[in-house]
Amino acid sequence: MIDFSIITSWIHGWLTSWMPLGLAVFLECVIVGVCLLLLYAVIAIVMIFMERKVCAAFQCRLGPMRVGPWGTVQVFCDVLKMLTKEIITVRHSDRFLYNLAPYIVILASVLAFACLPVARGLEILDFNVGVFFLMAASSIGVVGILLAGWGSNNKYSLIGAMRSGAQMISYELSIGLSILTIVVLTDTMQFSEIVLRQADGWFLFKGHLPALIAFVIYLIAGNAEVNRGPFDLPEAESELTAGYHTEYSGMHFGLFYVAEFVNLFIISGVAATIFLGGWMPLHIPGWEGFNTVMDYIPGFVWFFAKAFFVVWLLMWIKWTFPRLRIDQILTLEWKYLVPIGLVNLLLMVIVVVFKLHF
Amino acid sequence: MEITLELIAFIILALFICVSAVLAATTKRILRAATYLLFVLFGTAGIYFQLNYSFLGAVQLLIYAGGITVLYVFSILLTSSEGDKAPELKSYKFIAGLVATLLSLGVCLWVMLRHDFLPQHFEHGELNVRTIGHALMSADKYGYVLPFEVISVLLLACIVGGILIARKR
């Protein structure tokens, strides 16, 4: 298993050997920021291509095929088109809030994205309250969506934003409860530590029944949190044209679009990290030969494989089920998921106290 | 005084907070005021992170930026209509506000300049969450279990009040 902290600490040592510490830290922050944004953009592009192909597969189509082999260059062309389009400003709208909103959404998304540990030693924000910080960072996105709805000066946008706000605030509760269930099992909130504790089995297997319930709740609530089908009624095309980003064009719309897809990746990445072991290879206690073979596969391959598997699960759900109504969504959350989550948390406490987990 | 990276970061954060706070108080549109308030809260969270107290910073983001501000924006969207602007300030109100502001500024400055600050107490590094948790839930000296429980009673009262107002019988 490669430990990337050797490389990063070597870079740090090399930089501090010929420049003052403050400048070196500043330079490292800039480099890490650029790498983070690059990875963010690449993941967004991969996700958009995957969405179109998976959607096509579930609808017995081929998806983009014309540009490049199997349509692989199509997404790059779309990005270029998006970058060159004019940004239209709406008359009688609150110009400042209208222009600010996409950046708040993208800020929340990037902050949450920076928490994900990609491989051993490759974590950017690794606080000892990591899980808590991730939830805090992702809760900022709601403000951006509400401001977008208000700033656009459009009825449909406002209704979409209100729906989205109600939905995201409600489903944050279920996400928090299901993550808390795993925090009870691990007794740590630091992401790198959570991954290390799964060396002898992923939490989905170690926590058996309560962990499985928490995983299912997390997937449902996570899908609703990123406003994707069957919970996509903030932007329900048939009712609201496009919801809160109806009035946006050019790269401002692009930012909303990218943030939505990367948020889906973040939800999947967190699911992969706390339930499926993150970058930790599949280890079965007792099978030494098997474990060593698995260790030869690098950590980031494991992480991305798990994360994209969860992405695929969520896309499957999206393209299979029809859209819910707003009252059905809120009923599902408040009358089913939250009570089940609370009982499940209690169950996990009992399991941990009596040491019934593996 | 030596210029370090931390000092520069602090100055940037402090300027950001001050400018946003002034804008939040002076703007005429209520939703913009809420947005500038959000910026102030971001800046404060940034200062907590700079002090390496990541727990308080995350709480600041989750409760104030992600919770309270969303509540404000939500209620503004539900109640105010397009083109609502704050009325012109009357002069006696302006003078009263100015006097109150200067008075509280004087009190703050007086306390801060007269107080002997203790030398740096925390080691460089994060405070363990376990320590915070034990401090919050312990009933010993310096334990915070009583305020913790009282706040939960307050929240219960809020929920009951909300239901009472919302239910039309």
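In this set of legends, a helix is a DSSP run of H or I covering at least four residues, a strand is a run of E covering at least two, and both are numbered from the N terminus. One thing to keep in mind as you look around: this is a predicted model.

**View 1. Chain B is helices without strands.** Chain B has six helices and zero strands. Follow the sequence and you read off α-α-α-α-α-α. The C-alpha trace of chain B stretches over about 50 × 45 × 30 Å along its principal axes. Its radius of gyration is 20 Å, whereas a compact globule of 169 residues would come in near 15 Å. As for burial, 15% of the 169 residues of chain B count as buried. Look at contacts in chain B between residues at least 6 apart in sequence, and 50% of them join residues at least 24 apart.

**View 2. Chain A is helical too, with zero strands.** Here you have 15 helices and zero strands. Chain A has a radius of gyration of 21 Å, close to the 21 Å that the globule rule gives for 358 residues, so chain A is as compact as a globular protein of that length. Of the 358 residues of chain A, 45% count as buried. Among contacts in chain A between residues at least 6 apart in sequence, 79% link residues at least 24 apart.

**View 3. Chain A meets chain B.** The contact draws 28 residues from chain A and 23 residues from chain B. On the chain A side, the elements giving two or more residues are α2 (21-58), α4 (95-113), α5 (130-138), α6 (141-151) and α7 (155-186). Sort that side by class and you get 22 nonpolar, five polar and one charged residues.

**View 4. α7(A) crosses α3(B).** Zoom in on one pair of helices, α7(A) and α3(B), whose axes come within 11 Å and cross at roughly 145°. The crossing is left-handed. From α7(A), the contact is made by L158(A), M162(A), G165(A) and I169(A), while α3(B) brings V70(B), F74(B) and L77(B). Six of the contact residues are nonpolar, one is polar and none is charged.

**View 5. α6(A) is mostly covered.** How many of the 11 residues of α6(A) are buried? The count is 11 of 11. If you want to click through them, the buried residues include G141(A), G144(A), L147(A), W150(A) and G151(A). These buried residues pack against α4, α5 and α7 of chain A, and also against α2 (30-50) and α3 of chain B. After α6(A) comes N153(A), which has a positive phi, near 55°.

View 6. You'll find L61(B) in helix α3 (residues 54-79) of chain B. Why does L61(B) count as buried? It has 28 other C-beta atoms within 10 Å, and 20 or more is the cut-off for buried. Set aside the neighbours within four places in sequence, and L61(B) is in contact with A136(A), A137(A) and I140(A), plus A45(B) and G66(B). For a distance to compare by eye, L61(B) and L105(B) sit 44 residues apart in sequence and 26 Å apart in space, C-alpha to C-alpha.

**View 7. F133(A) and the largest nonpolar core.** In soluble globular proteins, nonpolar side chains tend to be buried together. The largest nonpolar core in this model has 113 residues, and F133(A) and V262(A) have the most contacts inside it. Helix α12 (residues 250-274) of chain A supplies the largest share of this core, 14 residues. Around F133(A), leaving aside neighbours within four places in sequence, the contacts are C115(A), L125(A) and F127(A), together with S54(B) and A58(B).

View 8. G250(A) belongs to helix α12 of chain A. Is G250(A) buried or partly exposed? With 15 C-beta neighbours inside 10 Å, G250(A) counts as partly exposed, since being buried takes 20 or more. G250(A) and T84(A) are 166 residues apart in sequence, yet their C-alpha atoms are 7.2 Å apart. Beyond its neighbours within four places in sequence, G250(A) is in contact with M82(A), K85(A), E86(A) and I87(A).

Technical notes. Residues are numbered from 1 along each chain as its sequence is written. Chains are lettered from A and ligands numbered from 1 in the order in which they are written. This is a predicted model: local features need pLDDT of at least 70, side-chain atom pairs count only at pLDDT 80 or more; totals for chains, interfaces and linings use all residues. Two residues are in contact if their C-beta atoms, placed from the backbone, lie within 7 Å. Ala, Val, Leu, Ile, Met, Phe, Trp, Tyr, Cys and Pro count as nonpolar, Asp, Glu, Lys and Arg as charged, and the others, Gly among them, as polar. A nonpolar core is a set of buried Ala, Val, Leu, Ile, Met, Phe, Trp, Tyr and Cys residues joined through C-beta atoms within 7 Å. A residue is buried if 20 or more other C-beta atoms lie within 10 Å of its own, exposed if 12 or fewer, and partly exposed in between; C-beta atoms are placed from the backbone. The radius of gyration is taken over C-alpha atoms; the globule rule is 2.2 Å times the number of residues to the power 0.38. Axes are lines fitted to C-alpha atoms, for helices over the stretch in contact, and angles run from 0 to 180 degrees between N-to-C directions. A crossing is left-handed if the near helix is turned anticlockwise from the far one by less than a right angle, and right-handed if clockwise.
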